[in-house]
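Here are my notes on this two-chain model, as promised. Have the structure open while you go through them.

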Amino acid sequence: MAGVREAITQAHQGEWARVVAALARRFGDLDIAEEAAAEAFATAVERWPVDGVPPNPGAWLTTTAGRKAIDRIRRENKRDDKQREAQRLYEDVPPEPPGAIDDDRLRLIFTCCHPALAMEARVALTLRMVGGLTVPEIARAFLVGEAAMGQRITRAKSKIEAARVPYRVPSEADLPARVSGVLAALFLVFNEGYLATGPGTDPVRPGLTAEAIRLARLLRALLPWDGEVAGLLALMLLTEARRTARVSASGELVPLGEQDRGAWDSALIAEGHRLVRERLAAGVAPGRYQILAAINAVHTSARDVRDTDWSQVVALYDQLVRLDPSPIVALNRAIAVAELDGPEVALAAIGRLDDALAGYHAYHATRAELLRRLGRGQEARTAYDKAIELAGNTAEIVYLTRRRG
Amino acid sequence: MQYLVSVIDDRTGSATSDEMAAIDTFNDRLVAEGHWVFAGGLASPSSATVIDNRGGEALFTDGPFLESKEYLAGFWVINAPDLDVALALAAEGSKACNRRVEVRPFLEE
């Protein structure tokens, strides 16, 4: 029995996206694809313990889901329409040039992360259609009611159908922009897991970071030549590696400099470092995720925080600022500058960010820390108060409150 | 498949001569590439009249049905095989008329 359960879990992780993607291509309808895939897995849960696990679970699921889809189309008596529709969609998919990536899952990912969809819709749809999470699971992940989340997904699917969002991999010219839209959605899922924003959840949610990494691995397998995909995966791995050291037993956030580095996951770090080295060897100008991954590679290379190569970190931030001159990047650069040139220089650097970041808790937390180091206790306490007021993560609030003193 | 590309405006007065020339060039391209269905510019919203004939007697009301800072200044109806093509054309249209545009699909069949 345990073996069968294990096989079903494995099939779900390995085959869900493939089954949905193949059905979406065959029937030209995400709704039908999603429901038929869910029915096929429900049938597996019923049948496999009785009949045994089929020799090729993926093929069994695809065949079963295909039958379920046809049953549903007949049931709904929309057979002619849908068949015509399927025919149309099939004809619309242009033949791939030789050597081009041909994977239905990639079509599915690009469709779910289409720029005409709002970011929250992209995230929800990707987790459902590609990740195979249930609607209640996604609703819990984003602290949204189940009905509202169900509606968000339904609305996105309807728009895809009504506006005819194409089911295909974007052209080479559009690919970089479209990939970055996919990466933004995956990074959002990861970040929500790594630093949950709401007061009603655990401060760190490994289920979400693991799902984001799984999807990033899938994307990496499908687009192995894309530097930013490798960069995001490396960034996630090097961040995830520090997860268990990040919250203390008493539920307090532990900053990078104070973490028990022996508790870091060395296998994830090694994998992340391999990806960063691969990108360096490629000799192509790195994008933002590759630079962020490189910064995290520097941190995770230091056995002790005092061994951190801060000049390298600042140099990488300089590179990032040229690519993305946003105030948040400038803030993170200042944190590294404080280690290299002292808190006074860093404080002067973030002084210019006040207008842009007045509502961002990390800005006030950084200022508070710098003021404290400069012995300006009263100003530091005011800044900590502001940071605590704006922070959403429970473990971070505990940390800031103790730090305030 | 057909899409409505609405031109959103918040200024009074019609397009400048530069904008008109860019719109003409864009229109020629729509025709040449088979995307053209129809297009037109609209007079100001204050010239609109709302008619309600649901009650047996037609009632006329002066002005647009919706008072807002932004209004529909014109539109294109284009033919495109899918949303990606429609969005790319609308992006060109937005540049040509120097205004924001909205893309909305027609109901099929």
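This is a predicted model: local features need pLDDT of at least 70, side-chain atom pairs count only at pLDDT 80 or more; totals for chains, interfaces and linings use all residues.

1. On the side of chain B that touches chain A, helix H2 (residues 83–97) of chain B gives the most, with three residues. Helices (H or I, at least four residues) and strands (E, at least two) are DSSP runs, numbered from the N terminus.

2. Some ground rules before going on. Residues are numbered from 1 along each chain as its sequence is written, chains are lettered from A in the order in which they are written, and side-chain values use heavy atoms, with hydrogens and water left out.

3. Back to the interface. Chain B brings 10 residues to the contact and chain A brings 11 residues, where contact means heavy atoms within 4.5 Å. The two chains bury about 860 Å² between them, 45% of it on carbon and sulfur atoms. Asp82(B), Leu83(B) and Asp84(B) lose the most area on the chain B side, together 50% of what that side buries. Buried area is the accessible area (1.4 Å probe) that two parts lose on being put together, summed over both.

4. Now the charges. The rule finds three salt bridges across the interface, each a side-chain nitrogen of Lys or Arg within 4 Å of a carboxyl oxygen of Asp or Glu. One of them pairs Arg178(A) with Asp84(B), and the closest N and O atoms there are 3.6 Å apart.

5. Chain B on its own: two helices and six strands, in the order β-α-β-β-β-β-α-β from the N terminus on. The C-alpha trace spans about 45 × 40 × 20 Å along its principal axes. Of the contacts in chain B between residues at least 6 apart in sequence, 77% join residues at least 24 apart.

6. Confidence next, with pLDDT being the predictor's confidence in each residue, from 0 to 100. Chain B averages 93, and 97% of the residues score at least 70. Chain A has a mean of 90, with 93% of its residues at 70 or more. Over residues 90–101 of chain A, pLDDT stays under 50.

7. Two spots inside chain A. Thr209(A) sits in helix H10 (residues 206–222) and is buried, at a relative accessible area of 0%; buried means under 20%, exposed over 50%, partly exposed in between (1.4 Å probe, protein chains only). A polar atom of the Thr209(A) side chain lies 3.0 Å from the backbone oxygen of Pro206(A). Ile109(A), in helix H5 (residues 104–112), is buried as well, at 4%. Leaving out residues up to four places away in sequence, Ile109(A) touches Val130(A), Val182(A), Leu218(A), Leu219(A) and Leu222(A).

Notes
A polar contact is a pair of N or O atoms within 3.5 Å; within protein, one must be able to donate a hydrogen and the other to accept it, and residues adjacent in sequence count only if both atoms are side-chain atoms.
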